[in-house]
Amino acid sequence: MNIRSDQKGIDLVGVAGQRERRFVIAPLMDSSIETRCFADGDFAAADRLRHAAGWNQTLADWQRMVALDPAGCFVAVDDGEVAGTAMTVSYGLELAWIGMVLVDPDRRSRGIGRGLLLHCLDYLRAKGVRCIKLDATPAGQVLYEKLGFEFEWPLMRWMRNAPANIKPAASDGVSTVEGRDAGAIEQLDRNAIGVARPDLLHGLREHALQGLVARGSNEVLDGFGFLRAGINADYLGPVVAKTETAGRALVGNLLAGTERPVFWDIPGPCESASVLAKELGFTHQRPLVRMHLGPNRSPGNPKILWGISDPATG
Ligand SMILES: CC(C)(COP(=O)(O)OP(=O)(O)OC[C@H]1O[C@@H](n2cnc3c(N)ncnc32)[C@H](O)[C@@H]1OP(=O)(O)O)[C@@H](O)C(=O)NCCC(=O)NCCS
């Protein structure tokens, strides 16, 4: 592989992506460090990096996300130890996501994060993916900007420590997800995100503590939402709602199902969700930024995206 880099970003030339491929990322990082595909034996080490960063994903989340494209998930290995992780998930060829970019705190600022990112970009471009997105932490944003990623819109992680003494919104029209809802859920998600994500939605449904749909007149779905377990807090999302009534009913009923702290990542453009979060006693935990590399031809509609699925998958 040939890597050219300039101040505007990077240009990768070469064919990549074979599962067995291994190469040293030098000269971009310490020459003793190599990347390889994520293997079944890496989950424990990867989860230690997740723990060190204080992130919320469970081992089941790691397994669910890696299963979406095992050949597109990578680890950096230093001296025989997993020193960093990065995963990709492709939603067809129009859009792919990069997530779980984590570097061992004792091995930071040695080019490992950058090397892993370049490896992901190389893999996705070899596949022919047209647009790559990610949700960046302030620490990651600096790195991604240097690689040419552009700002799309801001996100805020909201959190609630204890259940608020607020009655759940009226549950009229809200019911548990059923198999027959899969197609309508996929369509709503596609309207919000811009591309179809059937495999992601299937996995989320399988792992959810609760999955709800909101029906409007004529039994048409106006929205859906999931709540799942996390390490530090339950996670509210994804939630997609075409109407304010559906959004409020879904969120109220999903929150009524947990006594634990809750994290909720809300896109800036979905103002109705931020207003509701405040009303329900949520406070800001940390800002994130949605970024893209390549033409953003299918931006979806973040105004109906009341909660993302995870910063690692969008
Ligand atoms: C963000 C993270 C992955 C960076 O990994 P890393 O191996 O230390 O990064 P690198 O050494 O490859 O640095 C890449 C570039 O970003 C810059 N950079 C990295 N972290 C930075 C920070 N916190 N502040 C400012 N610049 C930073 C480096 O200066 C470097 O720039 P250069 O290539 O022009 O010298 C790592 O800090 C981390 O795991 N953080 C916690 C988890 C996280 O926030 N992940 C990002 C999710 S979006």
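Which atom of V101 lies 2.8 Å from a nitrogen atom of the ligand? It is a backbone N or O atom of V101. This is a polar contact (a pair of N or O atoms within 3.5 Å). The model is predicted, with residues numbered from 1 along each chain, and side-chain values use heavy atoms, without hydrogens and water. Local features need pLDDT of at least 70, side-chain atom pairs count only at pLDDT 80 or more, and totals for chains, interfaces and linings use all residues.

One is 2.9 Å from a polar backbone atom of V103. An oxygen atom is 3.4 Å from an N or O atom in the side chain of R108. Taken alone, the ligand exposes 900 Å², and the protein buries 72% of that (accessible areas by the Shrake-Rupley method with a 1.4 Å probe). In total, 20 residues surround the ligand, each with a heavy atom within 4 Å of it. The closest are S109, G111, G113, R114 and T137.

The largest pocket has a volume of about 640 Å³. A pocket is an open set of points on a 1 Å grid over the protein atoms alone, where a 1.4 Å probe fits, with protein on both sides within 12 Å along at least five of seven lines. The volume is the space filled by probe spheres set on the points. Lining residues have an atom within 4 Å of a point. Of the 32 lining residues, V101, T137, A139, G140 and Y144 are closest to the pocket centre. By class, the lining has 17 nonpolar, 8 polar (Gly among them) and 7 charged (Asp, Glu, Lys and Arg) residues.

Methods. Polar contact = N/O pair within 3.5 Å; in protein donor to acceptor, adjacent residues only side chain to side chain.
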